Protein chains: 4
Amino acid sequence: MKTPKEIVDLMFLKDEFSSFLGIQIDEVKEGFVQLSLKIQQIHLNGFGIAHGGICYSLADTCLAFVASSYGFHAVSVETSISHLIKVNMNDKLIATSILIHKGNSSAIFMIDIQNQDNLLVAHFKGSVRISKELW
Amino acid sequence: MKTPKEIVDLMFLKDEFSSFLGIQIDEVKEGFVQLSLKIQQIHLNGFGIAHGGICYSLADTCLAFVASSYGFHAVSVETSISHLIKVNMNDKLIATSILIHKGNSSAIFMIDIQNQDNLLVAHFKGSVRISKELW
Amino acid sequence: MKTPKEIVDLMFLKDEFSSFLGIQIDEVKEGFVQLSLKIQQIHLNGFGIAHGGICYSLADTCLAFVASSYGFHAVSVETSISHLIKVNMNDKLIATSILIHKGNSSAIFMIDIQNQDNLLVAHFKGSVRISKELW
Amino acid sequence: MKTPKEIVDLMFLKDEFSSFLGIQIDEVKEGFVQLSLKIQQIHLNGFGIAHGGICYSLADTCLAFVASSYGFHAVSVETSISHLIKVNMNDKLIATSILIHKGNSSAIFMIDIQNQDNLLVAHFKGSVRISKELW
């Protein structure tokens, strides 16, 4: 059976969109993942701040990784995100997973996204269905 | 006062992330926006299907545009998305806004995302706060 | 195999909380349920309007009924509700289910709640897991 | 200006639905509220477990109280709840607020609901708009 780190490395290796965004893996263990991302020009929307899709994509990648860290394939069911403060050019975002509940075939995680000043910029919640299929 | 089309064109012109994703504007009127997007290699995650952030970003751009179509600046408060079926390479996605409720200073929209076979691939809901600041 | 009407009648018969609230069944068929409720003194909060839990409870009962109308036991996974306009004493609420997506083992419904003036007072969305256990 | 305790007592005194449900106030301070509720026969649904509306109503009352604890009138915008484990007859529920974000005119809280065994039975998130109107 693969380790959480091996599973996440495998997922990340082929994840073209996460790579393109510039997502980096800070830490991976069973039930916990931390990712980071530096805001660049290409991430900006018409207001010159990060597009809402950037925080969502970072959180969704974090959810996919942490949900898979238990060794089984998982699929996202329902996700929500609150955008709390503006994310600017050159900000460094850190996404951290927090397990809320884990059952046999489902789990719920929050993903907090903070900036370089430790301010919470977005709060994400996702529920996943966990299959019996091993990584 | 600018028309809905003028406002959205103005927003889109400077929206680097939406342009990068390949989002196209199909239709804009007051209270209604339709966008489309063709899935390309760069949109894929480690499973070879579209990253969840693609549908979210498409819907979030659609929300920003339709919320601004009434002539005032608007900001997203809370958004959620359900990913219903897999989105594959070369799929053509169409995002359509549906107004649920509009008050003086807030509004709620659903954004339906369908593929080229008219299947609903994702269902998004977003609430926005509408300011008094004219476009 | 029981009909949708038989299943819902069976569920409702033992549902003490829904009965207490005064929920009434208007229509039941496979994949569709409509319920109604008249606002009474006991439903009010400290502002003299209906407590948010009233609309939620009405919608949640509607979700449980419609999710079971296909013949199998179902359990709610994730629900959200937007409260749009105030609900007053003596208002008559009508809750109507709308199927958004149905897969093998899961489904998503919206429940619209309108008042006697056909105004949308609350918008609910719920995802359910559908088991293989027959009613 | 009224204290948080005075405001919440005032709200609770006239809140017929919360009183009917049997909600009790454990603790109130600025930005924090804890409530409790014992599950009784009248709270049960057709499966003999607590109706989803019970946890929602407890959380929604907690949200209303904590949102008002800063001294100003507040109104709920968007709420969601995940039901995690079954709530049974005689269970004692404790709802605790956690501030996620507070801006000038809005705030987001989570409300955790645990049972007598300290198990998380439901996880609620609510965003509120805070007015300038003093209590």
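The model is predicted: local features need pLDDT of at least 70, side-chain atom pairs count only at pLDDT 80 or more, and totals for chains, interfaces and linings use all residues. Residues are numbered from 1 along each chain as its sequence is written, while chains are lettered from A and ligands numbered from 1 in the order in which they are written.

**Two helices in chain A**

Let's start with helix H1 (residues 4-13) and helix H3 (residues 52-68) of chain A, which pack at an angle of about 140 degrees with their axes 9 Å apart. Helices (H or I, at least four residues) and strands (E, at least two) are DSSP runs, numbered from the N terminus. Axes are lines fitted to C-alpha atoms, for helices over the stretch in contact, and angles run from 0 to 180 degrees between N-to-C directions. On the H1(A) side, A:Ile7, A:Val8 and A:Met11 meet A:Ala64, A:Phe65 and A:Ser68 of H3(A). By class, this contact of H1(A) with H3(A) has five nonpolar, one polar and no charged residues. Here Ala, Val, Leu, Ile, Met, Phe, Trp, Tyr, Cys and Pro count as nonpolar, Asp, Glu, Lys and Arg as charged, and the others, Gly among them, as polar.

Strands of a sheet pair through backbone hydrogen bonds, either parallel or antiparallel. In this model, twelve strands form an open sheet in the order E1(C)-E2(C)-E4(C)-E5(C)-E6(C)-E3(C)-E3(D)-E6(D)-E5(D)-E4(D)-E2(D)-E1(D), with antiparallel pairing. Two strands pair if DSSP finds at least two bridges between them. The edge strands are E1 (24-29) of chain C and E1 (24-29) of chain D, each pairing on one side only. From one strand to the next, the twist averages 20 degrees.

Within chain D, D:Ser97 stands opposite D:Ile111 in E5(D). Helix H1 (residues 4-13) of chain D lies across E1 and strand E2 (32-38) of chain D, at about 150 degrees to E1(D).

| Strand | Partner | Bridges |
|---|---|---|
| E4(D), residues 92-102 | E5(D), residues 106-114 | eight bridges |
| E3(A) | E3(B), residues 72-83 | five bridges |

**Where chains A and B touch**

How many residues of chain A are in contact with chain B? There are 28 residues of chain A in contact with 28 residues of chain B; two residues are in contact if their C-beta atoms, placed from the backbone, lie within 7 Å. E3(A) gives the most to the side of chain A that touches chain B, with seven residues. That side divides into nine nonpolar, 14 polar and five charged residues. In E3(B), B:Thr79 is the bridge partner of A:Ile81.

**The core**

A:Ile81 is also one of the contacts of A:Ala59 beyond its neighbours within four places in sequence, along with A:Ala95, A:Ile111, A:Ile113, A:Ala122 and A:Phe124. In the largest nonpolar core, of 164 residues, A:Ala59, B:Ala59, C:Ala59 and D:Ala59 touch the most other members. Such a core is a set of buried Ala, Val, Leu, Ile, Met, Phe, Trp, Tyr and Cys residues joined through C-beta atoms within 7 Å. A residue is buried if 20 or more other C-beta atoms lie within 10 Å of its own, exposed if 12 or fewer, and partly exposed in between.

**Two positive phi values**

Most residues other than glycine have a negative phi. C:Asn90, however, has a positive phi near 75 degrees. C:Asn90 lies in the loop between strands E3 (72-83) and E4 (92-102) of chain C, and is exposed, with 9 other C-beta atoms within 10 Å. Likewise, D:Asn118 has a positive phi near 65 degrees. D:Asn118 sits in the loop between E5 and E6 (120-134) of chain D, where D:Asn118 is exposed, with 7 other C-beta atoms within 10 Å.
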